[in-house]
Each structure stands twice: as C-alpha cells, then as structure tokens.
Amino acid sequence: MTLRTVFRTFVTAALVGVGLLAAGCRKEQQADVSSSAPPPAASTPAAAAPATGNPAAPAAAAGGAPATPAAPAAPAAAAAPAGTAAPVGAAAAGGMADTTAKLAAVDWALKQDEIRHDPDGQWAADATASSSYSDATGDAAWSPKQATGEPNVDKYADDGHAWAPKTQDGGIEWLDLKYARPVHASEVRVRESMGSGAVIKVELFDGAGAAHTIWQGADPTTQLNYLILKFKPTEYKVDRVKVTLATNLVPGWNEIDAVQLVGKP
C-alpha cells in the first residue's frame with residue numbers, strides 16, 4: 001500500500017466520523033426542541049349563553065302552585081380518556097362553578113321569601129290599568145286583578161296569572177294599584193315576570209289623591225325579578241301606587257305579577 005493510498009483512507013475515515021457526529025448532534029437538538037414544548041393547558045368550560053327569542057303571544061293561563069326557579073346548571077367537565085387522570089384544575093373549576101350556581105340560587109330563594117313575608121310589606125287589594133290583553137276584566141287571565149295579591153308566577157314566561165297590556169310594543173301603558181292600609185311608604189317592589197325592563201315611572205298618591213313621582217328612569221330589571229325602589233319615608237300616607245311602562249322599550253309582552261308597597265302606619 002502506497003503512502004498516498006494510506007493518506008486517502010485516513011481522510012475518508014475522518015470525514016465519515018465527522019458526518020456521524022454532526023448527524024448525532026442534529027438528532028439530539030431536534031429531540032430537545034420537541035420535548036421542550038409545554039403540554040397543552042386544560043381549558044375551562046365556557047358558560048353557556050342564555051337562550052334568546054321573542055315570547056309567544058299570551059295563551060291559556062298556567063295553573064298549579066308556584067315553584068322556585070332552578071339555578072342554571074353548571075357546564076359538565078369533559079370526561080378524561082380511559083386510564084388518564086382528569087386534570088385537577090379543571091375538576092376544581094367545575095366544582096366551583098357548581099357551588100357558585102347553587103349559592104346564587106339559595107340567595108335568590110331567600111330574598112324572594114324575605115320579600116314575601118316582610119311584615120312592613122303589603123300586596124295590592126285592587127287594580128286598574130290602561131288596557132289588558134283581550135280586554136280582560138275581573139279574575140280573567142291577564143286582567144289588572146292578576147297583579148293583586150302575592151306573587152304567583154313561578155318562572156319568567158308569558159303567564160295569565162300576571163297583568164299584560166292589550167297589545168305588545170304599543171307604547172305607554174300603566175297599572176294603578178290600591179292597598180288596604182295607608183302607610184308612610186319607604187319602598188316599592190315591582191315583580192316583573194315577562195318582558196322585564198319596561199317600567200319608566202312609579203308614582204305614589206297621598207290621601208288627597210295628589211300624585212308624587214318617586215322614581216323615573218331606566219329600569220334595570222331582567223328575567224323574573226323585582227324592580228326595587230327605596231326612598232325616604234313619605235310624610236304623607238300612601239294607599240295607591242301607579243306603575244307606568246313604555247312597552248316599546250322591550251320587545252314582546254311586558255307583564256307584571258305583583259307590586260308590594262312597604263311602609264309603616
């Protein structure tokens with residue numbers, strides 16, 4: 001073997017060794033990049049948006065005793081694949097959402113019960129209105145009298161146990177309520193049960209029949225709930241409350257279940 005052949009063999013072996021070393025370095029670098037990516041974070045379920053849609057025209061009055069509305073169900077956590085433990089964070093978030101919803105439902109129920117049994121509160125004994133659906137009178141569904149007495153609409157829906165004006169989106173309508181005991185009023189609670197948010201003014205009447213506007217503005221009420229108005233006790237005694245609505249503000253039927261007057265003799 002000549003010296004040139006030995007030199008060529010040595011150079012070839014060296015080049016092959018360098019190539020293998022470089023390939024090994026590239027493979028190690030690719031593994032590092034691949035393994036350095038963080039695992040995907042567990043996503044928290046988003047709260048479902050409430051269903052929307054315009055209420056149907058009034059139908060037959062619903063019967064039966066009212067029930068407390070159930071709290072919205074918390075979104076269920078996705079099941080983990082077989083043999084894989086569910087992410088602790090996601091489980092905790094689901095449990096917290098469920099607990100929060102239940103506490104909110106309890107608070108809501110307690111508030112309804114507190115209002116219903118307020119010793120200083122009284123429900124209307126009689127009522128008249130600017131109009132009523134199907135010109136209803138007396139005990140008929142959607143008549144003004146349906147807004148007297150304690151609340152008896154159990155969910156946010158079109159219900160003949162509440163007063164409704166003759167037409168929907170017609171503009172200004174009013175409900176005038178009378179109470180058995182004249183009191184120095186300090187609060188009015190309007191229970192809205194359909195198309196909530198359309199009240200624009202509430203007036204009190206003194207013994208001489210003079211009107212006193214205690215509130216006028218934008219009604220923040222949503223769903224089945226009360227528009228609660230608190231104010232300094234009146235110097236005059238009140239046994240009459242008038243609630244004015246702009247029914248074109250909230251599309252569809254606007255209905256009032258009951259109105260409570262709060263005050264002391």
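Trainee: Which residue lies over the face of Trp174?
Mentor: For a charge over a ring, look at the charged end of the side chain and at the ring centre. Here Lys242 lies over the face of Trp174, 4.9 Å from the ring centre. Keep in mind that this is a predicted model. In a second case, Arg240 sits over the face of Phe205, and the distance to the ring centre is 3.7 Å.

Trainee: Which way do S4 and S5 run, parallel or antiparallel?
Mentor: S5 covers residues 211-216, and it runs antiparallel to S4, with 5 bridges between the two. One of the pairs is Lys201 with Gln216 in S5. The two strands make a hairpin with 5 residues between them. In that turn, Gly209 has a positive phi of about 90 degrees.

Trainee: How many of the residues of S4 are buried?
Mentor: S4 is mostly covered, with 5 of its 7 residues buried. As background, side chains in a regular strand alternate between the two faces of the sheet.

Trainee: Which residues touch the most other members of the largest nonpolar core?
Mentor: The general idea is that nonpolar side chains in soluble globular proteins tend to be buried together. In this model the largest nonpolar core has 28 residues, and Leu177, Val188 and Val243 touch the most other members. The elements that each give two or more residues to this core are S2, S3, S4, S6, S7 and S8. S3 supplies the largest share, 7 residues.

Trainee: What is Val188 in contact with, leaving aside its neighbours within four places in sequence?
Mentor: Among its contacts are Val202, Leu204, Ile214, Leu227, Val241, Val259 and Leu261. Gln260 is also in contact with Val188.

Trainee: Is Arg189 buried or exposed?
Mentor: Compare the relative accessible area with the cut-off for buried, which is under 20%. Arg189 has a relative accessible area of 6%, so it is buried. This arginine is found in strand S3.

Trainee: Which side chains are joined to Arg189 by a polar contact?
Mentor: The side chain of Glu187 is joined to that of Arg189 by a polar contact of 2.9 Å. A polar contact of 2.7 Å links the side chains of Arg189 and Gln260. Not counting residues up to four places away in sequence, Arg189 touches several others, including Ile115, Asp118, Tyr226 and Ala258.

Trainee: How many aromatic pairs are there?
Mentor: The count is 2 aromatic pairs. To name the geometry, read the angle between the ring planes: over 60 degrees counts as edge-to-face. The planes of Tyr133 and Trp142 are at 80 degrees, with centres 5.3 Å apart, so this pair is edge-to-face. Tyr133 and Trp253 are also edge-to-face, at 5.2 Å centre to centre and 85 degrees between the planes.

Trainee: Where in the chain are Tyr133 and Trp253?
Mentor: Tyr133 is in the loop between S2 and S3, while Trp253 is in the loop between S7 and S8. They are 120 residues apart, so the pair links distant parts of the chain. Tyr133, Trp142 and Trp253 form one aromatic cluster.

Trainee: Are Trp142 and Trp253 buried or exposed?
Mentor: Trp142 is buried, with a relative accessible area of 5%. Trp253 counts as buried at 4% relative accessibility.

Notes
Residues numbered from 1 in each chain as written. Predicted model: local features only at pLDDT ≥ 70, side-chain atom pairs only at ≥ 80, totals over all residues. Heavy atoms only, no water. Core = buried A, V, L, I, M, F, W, Y, C linked by side-chain atoms within 4.5 Å. Buried < 20%, exposed > 50% of the residue type's maximum accessible area, 1.4 Å probe, protein only. Helix = DSSP H or I, 4+ residues; strand = E, 2+ residues; numbered from the N terminus. Contact = heavy atoms within 4.5 Å. Phe/Tyr/Trp six-rings, centres within 6.5 Å; stacked < 30°, edge-to-face > 60°. Lys NZ or Arg CZ within 6 Å of the ring centre and 35° of its normal. Polar contact = N/O pair within 3.5 Å; in protein donor to acceptor, adjacent residues only side chain to side chain. Pairing = 2+ DSSP bridges.
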